[in-house]
Amino acid sequence: MKNKRKEEKQTEFGQNISVKNAELWYGDFKALKNVSIEIPERKITAFIGPSGCGKSTFLKCFNRMNNLVEGCRITGEFRIGDVDIYGKTDVNLLRRNVGMVFQKPNPFPMSVYDNVAYGPRTLGIKKHAELDEIVEKSLRGASMWEELKDRLGKSALGLSGGQQQRLCIARALAANPKILLMDEPTSALDPISTGKIEELAEELKKEITIVIVTHNMQQATRIADETAFFLLGELIEYGDTEKVFSAPADKRTENYITGRFG
Amino acid sequence: MERSDVKEKFYKILFAFTAIICIIAVIAIFVFLIARSIPAFGKIGFFEFVFGKDWYPDYRDTYDGELSGSYGVFKMIVGTLAATCGSIIVGGVLGVFTAVFISKFCHKRLKKVFDVVINLLAGVPSVIFGFFGMKVLLPMLGVFADNGSGSGVLAVSLVLGLMILPTVVSLSKTSIDAVPDSYYEGARALGATHEQAVFGTVVPAAKSGITASIILGIGRSIGETMAVIMVAGNAVNYPTGLFRSFRVLTANVVMEMGYAGEVQLGALIATGVVLLIFIFFVNVLLGLVTNKKKKDRASIKRKNAFLSELAHKIKIEKIGRIFSYIAAGVAAAGLVSIIAFVCIKGIPNLSAKLLFGKFETLSTISIFPSIVATLITIVISLLIAIPVGVFTAIFLNEYTKKGSKLVKAIRSAIDVLSGIPSIVYALFGMVTFVVFFGNKTSILAGSCTVAVMLLPTVVKSTEESLKSVSDSLREGSYALGAGKVRTIFKVVLPSALPGIMSAIILSMGRVVAESAPFMYTMGSTLSPMPNSVLDSGTTLAVALYKLAGEGRYVDQAYATAFVLLVIVLALNVLAQVLSNKLDKKLKGRKK
């Protein structure tokens, strides 16, 4: 069994994402139309666009969370590094390598410690010393260690919304992911908590590729290196954030970022 | 194959397997009822059975020979209808107005007291209501009766009415409380008084919930056995007067199933089928009421406009307010007097000898064997019902596709099953488990019978608590690379635990409180300590029924009632405390 686990770890996921001709249907509804994109490693890439444009749907393709939705069908090629993630890859292994933070903080109803240790325990790590180390490292990574180190045994549901969301980031980090997906992680938070999470993202990109879906265009300009604009299931424009916002190539992008619709 | 894959498959098969057991139990009951009643219907004739006025069964009748007895249950059908109507007039009306009072007219502190007390009373065994009726109501009513006996429709209505009162109150109150405050505020903003706002806006908005609570009360009244037997008189008559002895369908089954002959037993099972048809109609009614919301708002509004005009003319809100106060007073008085009766009569009769003495002969009576038998029954029945029920719920909620027709069918079968009167389970247990475990009543047979009876409730309440676990938690777990089994055991089940725990404790309460299913599956004569689970025994509730029925041991009956009450109330308190505590532990201390 031990050998198996080692073998499993040998499936090396890279840190860049490459998608060719992605299409996605929910039943009869076509939610993504022929999307191709190359997401560079260890950068922050933002997906922007009006509600219902498919940006969150697209994000969830990267860790196959769409598999949980009934009637969802996906075609096209999705690669992380060299691995075809819709090929023979084990879904759970993929998800351990591609972490995700959700729109609403969703800490499990257990202690702070158990929340962070959930991922490593899933991997089969049982030794206390090892877990302690991972928990501390992850909480430090999410810059929460100082505020939480004395209340590791308390329920995570007693934390504030902002703390809960950063705990969810720490929880994702504990699985040691190569890529972190963030689905509107600050939309339910106040400006101060939002600021903390943005700082955190900039810190994390030294090690990890981050893809963030956001409704907040200022947020994209503040933290994203690359920005992709989606509309009605299509990728309209993609490139350097500064360029997308200062000199958009497409009229629709310009209309959106100048606030004419959305 | 990966080890994790093997684990996923193993649990999936385990959950599916328990679900199948559960479904088989459901099907078995229906098959049993149909297969065993068809010969009786055939021999007697369906219409002769349902509309026949004479019930003179002959235990020597067989399916091969000529019938010498007559088997018509029409008088009992009328009896059941009369008892149900009476109990709804008493319990339904009192219950709804009491709910309005608690929710809208009473002081905050009193409200809390009412809440706790009503919840506790919902678990009081029906035998205790029957016992109260027998010892307190019957002598009182007897004064007004020509024949000096108080038993009859009036006594049954009062006893059943009191019995369903806590259920009606707590469900009605929940639906009144659930009406958004904005309705009330809107009405007040238009210049309505508090009473006008309550009776003109809030109560009509809670109408479907209130109706549902009354219909559930009807279901309980139809299915109740022991409390009715103790005060109805049980002669096969039409209930032509308030004090005329009459018999209901459930009573018919329990009174004769112990010594029934071939055709007679068939006829009793057929009586169970008639009961089931009643319950089925009640369920359909309930479904209509709870689905009505979506349909045709306009016509409801028109009717409401008419009603409110009428209400305006007769100043219904003033009357309603007065009524609420009276109803709450009467309900409180009735329920408190039952508790007081049991305590006052029971405590002085408690003795160490009765509680823990060795049972030798009837002169040195002790309920210790019954206490032990009750405990054993709780353990065995929960060991069967809880794993099967919880796993079935997991299968239905976590593994099946939403909207699947098969699952819908299973759910509605379970719904029907949860409404079946316990006496039907008794019949089922008598011809299956009793026969299977050596053709004699035993603790094991009784426990299995009641386990089947508990299954639907356990499945339903577990499913409810699984449903209330937010999908975002499941997603969070999957996103960390956890498989389905790990997600279920580490995230979903712990979150659903408060709900599941209270379902378990309420199941224990039901085992303690039920008596009808045990009489002919487990034993009905007080006896010495059982040596094994294959011996027969009596639970406390059955012991109370027996002691109450025999004039010589009334003091012991009082004491038994007190012990029973204490156990049931303790279980209820435990359920509330535990689920609050677990809830708090999960939610954490708020800053």
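**Close-up 1. Strand 8 of chain A and its two faces.** A:Thr209, A:Val211 and A:Val213 point one way from strand 8 of chain A, A:Ile210 and A:Ile212 point the other way, and all are buried. Buried means under 20% relative accessible area, exposed over 50%, and partly exposed in between (1.4 Å probe, protein chains only). In a regular strand the side chains alternate between the two faces of the sheet. Strand 8 covers residues 209-213 of chain A; 5 of its 5 residues are buried, so the strand is largely enclosed by the rest of the structure. Strands (E, at least two residues) and helices (H or I, at least four) are DSSP runs, numbered from the N terminus.

This is a predicted model: local features need pLDDT of at least 70, side-chain atom pairs count only at pLDDT 80 or more, and totals for chains, interfaces and linings use all residues. Residues are numbered from 1 along each chain as its sequence is written, chains are lettered from A and ligands numbered from 1 in the order in which they are written, and side-chain values use heavy atoms, with hydrogens and water left out.

**Close-up 2. The partners of strand 8 of chain A.** Two strands pair if DSSP finds at least two bridges between them. Strand 3 (residues 44-48) of chain A runs parallel to strand 8 of chain A, joined by 4 bridges. Here A:Phe47 stands opposite A:Val213. Strand 7 (residues 179-183) of chain A also pairs with strand 8 of chain A in the parallel sense, over 5 bridges. A:Leu181 has A:Val211 as its bridge partner.

**Close-up 3. A β-α-β unit in chain A.** Strand 7, helix 8 (residues 191-204) and strand 8 of chain A make a right-handed β-α-β unit. Right-handed means that, with the strands pointing away from the viewer, the path from the first strand over the helix to the second runs clockwise.

**Close-up 4. Salt bridges of A:Arg140.** A salt bridge is a side-chain nitrogen of Lys or Arg within 4 Å of a carboxyl oxygen of Asp or Glu. A:Arg140 forms one with A:Glu136, with the closest N and O atoms 2.7 Å apart. Both residues lie in helix 5 (residues 128-141) of chain A, 4 residues apart, about one turn of the helix. A:Arg140 also meets A:Glu146 in a salt bridge (3.9 Å, N to O). A:Glu146 is exposed, at 54% relative accessibility.

**Close-up 5. A salt bridge in chain B.** The side chains of B:Glu464 and B:Lys467 meet in a salt bridge (3.9 Å, N to O). B:Lys467 is partly exposed, with a relative accessible area of 48%.
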